[in-house]
Amino acid sequence: MFTRIKLTTFILIGMFLLTGCQEDLFPSNDQLTSKSEAQVGALIDDLEFTLSTNINDEISSRLQPSNIDAVVLYFTMWCPVCDSHMSHIRSQFKNQYPNIEFMFVDYVSGSTTSSRGAQTSSGYSDFDVISDYDNALENYFSGTMASTIVIDKNFIVLMNEEFKTGSQLASILDNL
Amino acid sequence: MNPTQQVDTTFNKRAVSMLVKRVFLSLSLIAISPISFSASCCGGGASSGVILPKFNDAMWDISISSEAYDGYWTQQGQLKADPAGSKLIQRRLSFSYAHRIAEQWQMNVSMPLVDNQNQYSGDSSSVQGMGDTQAGLWFEAFERVTCVYKINGWESLKPSLYFGTTLTLPTGISSYSDRIDNSFDITGRGFYRWDANMIIEKTVYPFSLGWQGSYGVAIKRPVNQEYGQAVTPYNKQLGDRATSVFTGAYTWFLPDLAMLTATLSYASIKEDQTKYDGENDSSSGFDKKTSGLAFSYNSSLRDWIIKLSYNQAEEGHNYPKTQTLTMGVSHVYSH
C-alpha cells in the first residue's frame, strides 16, 4: 500500500514539474518590451488586403477621406467572445465614432468565399470584413482572437492589444 | 508590398487562440463533469470520478474524453454556426488520484492532458499540452453508508452529504505566458480558483438521486503580456462561477454481483463577468445547460469501475455548443 502511494505521489509530482508552470503560478506586472514589429508607436507600411467581397484594398485608401482619422482592425474567429465584441463595435463604436473606419479581420477562413459565408451566417453582412486568407495581417500584427489594432492617419499604430472592455479603444479614439 | 515579408513571426496564432478557448471550456467543464454514478454509492464515490467510497483508502482514475464543437450561442442566446469547413475537437486525458487521510476526510488531485485538433477551411493545427491541476479536500458528513434497499423509518432516509473545496492551480501554459511565441503550448487558463463544493445523494436501491453544487472565486492576477506580446500591465479577475448538477440513476445487479448503473444528469454552469482593473467586461461571462447520460460498471469486488458518458449542451449564452463523449476506468483500494 505504501509503495503504491509513493509511486502515485512520484508520478503526480513529476507531471507537475513537467508542466513548466512558473509564469502563471507567479504572475508579474513588470513592464515588458514588446517583440512585435507592429507594436504601439511603430510606423507601418501601407498594407494591402482583400475584403470578403473579393475587392482588393489597402490601408491608405481607407485613411484617404478627409473625415477619417483612423482605421480600427478587429481580429475575429467567429467565436462567442468575438461576436460580443463585434456586436459592441457595430452598435456603439460605429455610431459614436463616424470619423473611424472599423473593419473585422477574419483570420481563420482560408478563402474569401469562406470568409463571406462566415460573415453572412454570423449576421455581419453589413460590415467590412477582411479575408486574411494568407495570414498576412495576422502575422504582421501578431494578431489573434480579439486583437484590436488602431492605425492613425500617419500610419502609426496607436493600439495593439485585446479588446477587453473596449474602454481603452474608446479612450484612444477620443483623443484623435 | 507583401506584408508577410516584413516579419519573422512564423507561428500560427489561430491555433493558440482556439486553444485558449478550448482550455477555457475544458476547465469549465471539469467542474461539472463528474456525472456518472460509479455504482459504488452507499456513501461514497457516487457523484464524482475521484470521490472515494466510504470504506476505501485510495483510488486512481484515468479518463479520456472527446469534445466536439458545433456552433455557439451568442450573448443573446442565439445559436450560430461555426465557419463552414471547420471541425473542432478537443480530447482530454485526465489522471486523478484520491486518498483517504482520515475516517471522514479525503483528498484528491487531477491533472489533464489536452489535445486540440482544429481544422478550418484554410488551415489545420494539432496542439497538445498539460492543463491546469485541481486539488480537492472533502469531508464526509456521515459515518455509515446511507444506501438502503428498503425505507424503514426516518433514519433510513438519511443521505450521503459531502462538503469539499477545490483549488485550481494554473499549471498549464496560458495566453499570458512568455513561452507561446513559437509553439502551440497554451493549455491553461492562467488563474488560481477556489471552489466550495457540496454533494448530496441518496440511494434506495435500485434508484439514486443526487445534487452537486459548487461556487468558485478566481483570484485576481496581474497581466503584462498577451500571446507573447508585451502589453501595458493590468489586473484581471475572472468572474465568480456557480455550477449545479442534478442526477438520477438506476442500478441493475448483475448475476455475478457486479453492478451496472445508468445515470441521467442535468447540469448548469454560470460564470459572471470578467473584471479588468476592477471594470466589468460586459462581453464576458457565460452560462450553459447540459444534459447527459452515463453508464458505469462496478465489478463484483467493487474495486474496478468502468465508465462511459455522453453529454450534450442544450442552451447557453456566450458559450460554444458541444457534445462530449467520455470513457474512464477507476481502481479502488482498501486495507
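## Close-up views of a two-chain predicted model

**View 1. A facing pair in the chain A sheet.** A:Val105 sits opposite A:Ile130, a residue of strand 5 of chain A. Please keep in mind that this is a predicted model. Strand 4 and strand 5 of chain A pair in the parallel sense, with three bridges between them.

**View 2. The open sheet of chain A.** Which order do the five strands of this open sheet follow? The order is 5-4-3-6-7, and the pairing is mixed. Strand 5 (129–131) and strand 7 (157–162) of chain A are at the edges; each has a single partner strand, so one side of each has no neighbour in the sheet. From one strand to the next, the twist averages 20°.

**View 3. Helix 4 of chain A and its kink.** Helix 4 covers residues 80–96, and its 17 residues should span 24 Å at 1.5 Å a residue; the end C-alpha atoms are 23 Å apart, which agrees. Look also for a kink of about 35°, centred on A:Ile89. A:Ile89 is itself buried, and so are other residues of helix 4 of chain A, including A:Pro80, A:Cys82, A:His85 and A:Met86.

**View 4. What helix 4 of chain A packs against.** Helix 4 of chain A lies across strand 3 and strand 4 of chain A, at about 155° to strand 3 of chain A. Its buried residues pack against strand 3 (70–76) and strand 4 (100–106) of chain A, and also against strand 1 (58–73), strand 2 (79–80) and strand 18 (319–333) of chain B.

**View 5. Helix 5 of chain A over the sheet.** Helix 5 (residues 112–121) of chain A lies across strand 4 and strand 5 of chain A and runs at about 150° to strand 5 of chain A. Which residues of helix 5 of chain A are buried? They are A:Thr112, A:Ser114, A:Ser115, A:Arg116, A:Ala118 and A:Gln119. These buried residues pack against strand 1 (48–50), strand 4 and strand 5 of chain A. After helix 5 of chain A comes A:Gly123, with a positive phi near 85°.

**View 6. The largest nonpolar core.** This core has 44 residues, and those touching the most other members are A:Leu73, A:Tyr74, A:Cys82, A:Phe104, A:Val105 and A:Leu137. Among the elements that each supply at least two residues of this core are helix 6 (136–141), strand 6 (147–152) and helix 7 (167–174) of chain A, along with strand 1 of chain B. Strand 3 of chain A gives the largest share, six residues. Leaving aside residues up to four places away in sequence, A:Phe104 touches A:Tyr74, A:Thr76, A:Met86, A:Tyr124, A:Phe127, A:Val129 and A:Ile130. Another core, of nine residues, lies apart from the largest one and includes B:Val50, B:Ile51, B:Met59 and B:Ala98.

**View 7. A four-stranded sheet in chain B.** Here four strands form an open sheet in the order 10-11-14-15, with antiparallel pairing. Strand 10 (221–226) and strand 15 (279–280) of chain B stand at the edges with a single partner strand each, so one side of each lacks a neighbour in the sheet. Strand 10 of chain B is joined to strand 11 (residues 229–237) of chain B by five bridges.

**View 8. Chain B as a whole.** Chain B has one helix and 18 strands. Of its 335 residues, 52% are buried. Among chain B contacts between residues at least 6 apart in sequence, 65% join residues at least 24 apart.

Conventions. Residues are numbered from 1 along each chain as its sequence is written. Chains are lettered from A and ligands numbered from 1 in the order in which they are written. This is a predicted model: local features need pLDDT of at least 70, side-chain atom pairs count only at pLDDT 80 or more; totals for chains, interfaces and linings use all residues. The expected span of a helix is 1.5 Å times one less than its number of residues. The bend at a residue is the angle between axes fitted to the seven residues ending there and the seven starting there. A residue is buried if 20 or more other C-beta atoms lie within 10 Å of its own, exposed if 12 or fewer, and partly exposed in between; C-beta atoms are placed from the backbone. Two residues are in contact if their C-beta atoms, placed from the backbone, lie within 7 Å. Two strands pair if DSSP finds at least two bridges between them. Axes are lines fitted to C-alpha atoms, for helices over the stretch in contact, and angles run from 0 to 180 degrees between N-to-C directions. A nonpolar core is a set of buried Ala, Val, Leu, Ile, Met, Phe, Trp, Tyr and Cys residues joined through C-beta atoms within 7 Å.
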